[in-house]
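This briefing walks through a few features of the structure shown below, and it is meant to be read with the model open alongside.

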Amino acid sequence: MTAASQLQGSEWKPLRIGDDAVPEESSAFVQFQSKGRLIGHSGCNRMFAEYESRDGQIFIGPVAATRMACADSVMAREAALAAALENARTYRRDGIQLVLFDSMGQPILELRQTDWD
């Protein structure tokens, strides 16, 4: 199994970032591509990073993004999403649900797979 194969090729919609729910109408997504590349959209800007995942561990970042300005609430969510991705150390995938955890084992990002059909 390659380092990224468990998540490679999957696309996910953020549901919760920390304690905050992501609005259903948000266009935010994260896609784990081949060769350890992550792309996404925060709801405002496109995001890019490298990732490595193996045996329930994950390392993402640093996250780079385009620089469009949006509403303050969207920009705050974008910063929280980037921070959650960069702070993720472990993950649990259960079907179409994915939870990323920080180094203390706290859930920091909950996502639902959007390409499962």
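This is a predicted model: local features need pLDDT of at least 70, side-chain atom pairs count only at pLDDT 80 or more; totals for chains, interfaces and linings use all residues.

In what follows, a residue is called buried when its relative accessible area is under 20%, exposed when that area is over 50%, and partly exposed in between.

**Nonpolar core**

- In soluble globular proteins, nonpolar side chains tend to be buried together.
- The largest nonpolar core in this model has 24 residues, and those with the most contacts inside it are F32, I58, I60, L85, L98, L100 and L109.
- Two or more residues of this core are given by each of β1 (10-17), β3 (29-32), β5 (46-54), β6 (57-60), α1 (72-87), β9 (97-101) and β10 (107-113), and the largest share, four residues, comes from α1.
- Once its neighbours within four places in sequence are left aside, L100 is in contact with a set of residues that includes I58, I60, L85, L109 and L111, and also A88, T90 and Y91.

**Disulfide**

- A disulfide is a covalent bond between the sulfur atoms of two cysteines.
- The count for this model comes to one disulfide, formed by C44 and C70, whose sulfur atoms are 1.9 Å apart.
- The pair links distant parts of the chain, 26 residues apart, with C44 in the loop between β4 (37-41) and β5 and C70 in the loop between β7 (64-65) and α1.
- The link of C44 and C70 is right-handed, with 85 degrees about the S-S bond.
- C44 counts as buried because its relative accessible area is 6%, under the 20% cut-off, whereas C70, at 28% relative accessibility, counts as partly exposed.

**M75, in helix α1**

- M75 has its place in helix α1 and, at 27% relative accessibility, counts as partly exposed.
- M75 and F29 are 46 residues apart along the chain, and their C-alpha atoms are separated by 15 Å.

**S26, in a loop**

- S26 is found in the loop between β2 (20-21) and β3, and it is buried, with a relative accessible area of 11%.
- A polar atom of the S26 side chain lies 3.1 Å from the backbone nitrogen of A28.
- Not counting residues up to four places away in sequence, S26 touches K13 and R77.

Key:
Residues are numbered from 1 along each chain as its sequence is written. Side-chain values use heavy atoms; hydrogens and water are left out. A nonpolar core is a set of buried Ala, Val, Leu, Ile, Met, Phe, Trp, Tyr and Cys residues joined through side-chain atoms within 4.5 Å. Buried means under 20% relative accessible area, exposed over 50%, partly exposed in between (1.4 Å probe, protein chains only). Contact means heavy atoms within 4.5 Å. A disulfide is a pair of cysteine sulfur atoms within 2.5 Å. A polar contact is a pair of N or O atoms within 3.5 Å; within protein, one must be able to donate a hydrogen and the other to accept it, and residues adjacent in sequence count only if both atoms are side-chain atoms.
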